[in-house]
Amino acid sequence: MKLFPMYPALLAGLMTTGAIIAADAPPAASQEAKLIAVLQSDAPPQDKAITCKRLALCGTKAAVPALAALLSDEQLASWARIGLEAIPDPAVDAALREAAGKLQGRLQLGVINSLGARHDEKAVAWLSQQLAVANPPLQAAPAAALGRIGGEQASQALGQALTSATATTLPAFCEAGLRNADHLIAQGKHDQAAAICERVLAMKTPRHIRMEAMRSLIVARQAAGIPLLIAQLKSDDDGMVAVAMGLAHDLPGADLTKALTAAVTTLPPAKQVYVIEALGARRDRSVGPTLLALTKAGSAEVCIAAVGALTKLGDVAALPRLVEIAVAPDSESAKAAQSAMVAFPAAEADAACLAMLVSKDPGARMTAADLISRRATYSAVPAVAKAAREDADPAVRTGCLATLRELGGLPELAAVVEILVKNPSAGEAQAAENALATICGRQTDKGACAEKLIAGLAAAQPAPKCALLRVLHAVADAGSLQAVRAAMTDPDKDVQDTATRLLCNWSTVAAAPDLLVLARTSANPTFKVLALRGYLRVGGGKDVSGEQRLAMCKEAAAMVQRDEERMILLGVLGNAGDAESLAMAATQLDNPALKAEACLASVAIAERLVKSNPAAVVAVMGQVLKAGPDEKLTERANAVLKEAK
Amino acid sequence: MQSNPFHATSSRRRFLKTSALTGSAVALPYFIPAAALGRDGAVAPGEKITLGAIGIGNRGSYDLGCMLEEQDVRCVAVCDVRTERREAAKRNVDNKYGNKDCVMYTDFRELLARPDIDAVLIATGPNWHALAATMAAKAGKDVYCEKPTTKNIFESLILAETFRRTGRLLQAGTQRRSLPNFEFAAGLAQRGKLGKLTVLHAHPGGLGTESSGWAAAEKDPGPQVADWDMYLGPAAWRPFNNGILHNGFGFEKGGGMVGGGCLEWGSHCVDLCQWANQSDDTAAVEYWPEGNRLFAKYASGVKLILRNDGWLNSGSCPVRYEGEAGWVETGDSGEVFASSPDLIVGKRAQSSGYPANFHIRNFFDCVKSRHQPRAGASITCQTHIVCHAANIAQFLGRKLNYDPVKNEFIGDEEANRLRSEALREPWRI
């Protein structure tokens, strides 16, 4: 490849991404000159291509001739236009116009597109000519360019083109015309814009084009377009209804709001819901009374739509009606109103829910409890706690407990404990226990939680006492353990049983001494087994040191009598990394029922031990391999054995 | 009304606000009898939505698979420039319906010309997304389009403008807008549970700004394998190259010069931040790179940070919203982390991963109801503008100020030049 003499050095300085576009470095004239030189060299096309892009960033009038020279290059024309379109100098437009007259086919179309993108008004005359002389399939590009450029002359050209449009060119001409209409609207030439739209509407065009034309026509007519919009709403043409609805959202103005408000009551329900939604979205509170009336007058769908719109308005005047619907017998409307209350963007909605909580209607009070939960109204929690204790209706009390579960904190624990201790119905008791467990689960001060729970134990009957113990088991701090330990000697057998089982299932190693005693001394064989398992489980915890784990495993090993517990023991040993644990695990390698677990534990220990005590590993790995572990474990055993040797 | 696509109109901004609200976490159940509309306006109930699928690679196959599960959807046509993918897609569709009816196209314009098709899936790769989506809208189709949906700021504005003008519906493939953990977290921010928002965090999935460039020429296997010219489409010409053909995922992402940058996950995570911040109708006004992070600031003072590291164990595409009263963080793990357990007591919904089914269902529901989808064109436009502007700041290596009304960088001509890029002939948008 023949290179321009300065070319390699030039590229080294220019082609490193970011190097020439360093922070706060304005494009230097010297840099541009070097880039232009690349374009004018015999550099390979890929380098010229990237150079065109770089000129898009820093090119000036000086770069235009070099870029324009590439517009006839099949490979590089698209890259050159990237550079040219970005340079703001009018020299680009002149170069594009000149090229447009000389080029043919796709390359010409590309230049025409660039003229449109640059809004080159001086190109309008030539582009207009192309509408007449180009082959029909190629007329779309100049039409689109004229549509983008806009102006009187472009408008006239497009108007004439519409007259002679064929089925092939009509959609493109219409699109261009409508785009031009948008320009005219922006310039305040509404009548001219409207004329274009009306002309398109009168033509036999695809429906989606007529829809677009109608949309622009309504916008162009401004205030006079409002009756047209309303007429479309009322029409049987589905597409035009959609156009009107889009504009009902889109166009600002109190006059349109007023017209929509007047129209909504005259429409069939299927259309009413559209308009109601739009009225809500317009955020004009003057429509509130109409929407409130519609919640009473129409179908369920209309009511639901009105409820949604009222919520968007956020006018507190709507709250009483929303409450009324929300507490009505179960229905879709009631659900919608409840959702509206949840989403209502004002603090007054919190007060409305609070007021509902002391309503005479139990259903309303139930709804209030749910809404307070869903709105996460923390300020209402004391009132909810009071209702959970004192409401006359058990269902309401249960509902309030569910809300306390969601929103309650440490201050509410005493109240829920009090409810539980009162030995309520099964449903309330379960709700109270759930609330306690969830509230405690959220707290960081476990000791404070345990204190509140333990305070309730003394006065609690057996059933609530068991519930409190279950929550204490979940809290699992030192105070909780002490309380559960004490309950193991409770006069009530159910309490004893519950407390013992909770201890056996304790989650921390703090219970290990109690579990060991229980495993050794319990008269109940089931508890002995459960305690031993619990002892092993807490011994395998992450908070247990290796030394303590080994000691616990030794204790347990002395008591284990069945393979089920030996299996658990091997699982715990597998977390170790010392020679004694390895030796203990190896004792089960010849037990057919435990061979696989023993191999796994032995290999796992050996992998941790191999560096500090390779001799111990060598001895046991031989036994492991002899026991015939599975393929993967054999591989691991051989690997650790190799390392040990 | 302004026709300059760099200028947002007041009506459009209002419309955007509307769309944002209807897609919010607290949106009410909304029912529009589809009987009020019909084909070319919407699909009447009882009728199946007729679907065409354009660009059926890895992601497209997944999306199409979800769409084929929808009982009220009938896919009748598939299009891909690669023969192997086109035929595989047809097999999938035909197997689903137990017939041989699915029609294959290499040129998506032929598919768009079919008047019987109501909606299209566009999963071509980012090079084609915006152009194909706007052409589909102009052809009267509703569009589910994968992300990143645009290559630059100009395309973003044209996308919104075209869908507004034509009255068609766009759902961008930012499916996390329809997943419960993200909705819950956004809801906390929107309902003021975090106090006044201060900082939003989005995972960009990388910040590199690489151009797709011009790879070495290789032997073009011809249209029996792939139509290279249609593959390139609006991208500047370059010779056939297998690496490019097989990397539609990243080809021309973020435009030819600036590159993908934060668009990969940013189109999701920035989108989620826009949602939580209730700024779906606008973009941030300042952008700057700092260390290995990108920063942006909204006119309200809320800061947006795009960072790849320092996340909790929240999975891919995480976001974090911080306010004066607390914070919340979530991601594809479905877990929601918060500054206080009290903030997540109301969380009932659980999810994990990032399935698109809910988002796709929302799209088809909207095709019937004409309601704005959760990730409509206007929302998508602003999300992508934030990503593009951040990428441009990263590329230029300096702070940029952006006017979201005029849609221009203030006092920075270089940055403004990067807002758009010419399309290869004969394509135009």
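S1(B) runs parallel to strand S4 (residues 119–122) of chain B, and 4 bridges join the two. The model is predicted: local features need pLDDT of at least 70, side-chain atom pairs count only at pLDDT 80 or more, and totals for chains, interfaces and linings use all residues. Residues are numbered from 1 along each chain as its sequence is written, while chains are lettered from A and ligands numbered from 1 in the order in which they are written.

**Exercise 1.** Find which strands pair with S1(B), and explain why S1(B) counts as largely enclosed.

*Step 1.* Strands (E, at least two residues) and helices (H or I, at least four) are DSSP runs, numbered from the N terminus. Two strands pair if DSSP finds at least two bridges between them.

*Step 2.* Take S4(B). Ile54(B) stands opposite Ile122(B) there.

*Step 3.* Take strand S2 (residues 73–79) of chain B. S1(B) pairs with S2(B) in the parallel sense over 6 bridges. Ala53(B) has Val78(B) as its bridge partner.

*Step 4.* Check burial. A residue is buried if 20 or more other C-beta atoms, placed from the backbone, lie within 10 Å of its own; 12 or fewer make it exposed, and anything in between partly exposed. In S1 (residues 49–54) of chain B, 6 of the 6 residues are buried, so the strand is largely enclosed by the rest of the structure.

*Step 5.* Sort the side chains. Ile49(B), Leu51(B) and Ala53(B) point one way; Thr50(B), Gly52(B) and Ile54(B) point the other way.

**Exercise 2.** Decide which side chains of S8(B) are buried, and trace the pairing of S8(B).

*Step 1.* Recall the rule. In a regular strand the side chains alternate between the two faces of the sheet.

*Step 2.* Apply it to S8 (residues 286–290) of chain B. Tyr287(B) and Pro289(B) share one face and are buried.

*Step 3.* Look for partners. Strand S9 (residues 293–297) of chain B runs antiparallel to S8(B), with 5 bridges. Tyr287(B) faces Ala296(B) across this pair. Strand S14 (residues 400–403) of chain B is also antiparallel to S8(B), with 2 bridges. Here Glu286(B) stands opposite Asn401(B).

*Step 4.* Inspect the hairpin of S8(B) and S9(B). There are 2 residues between the strands, and Gly291(B) takes a positive phi near 60°.
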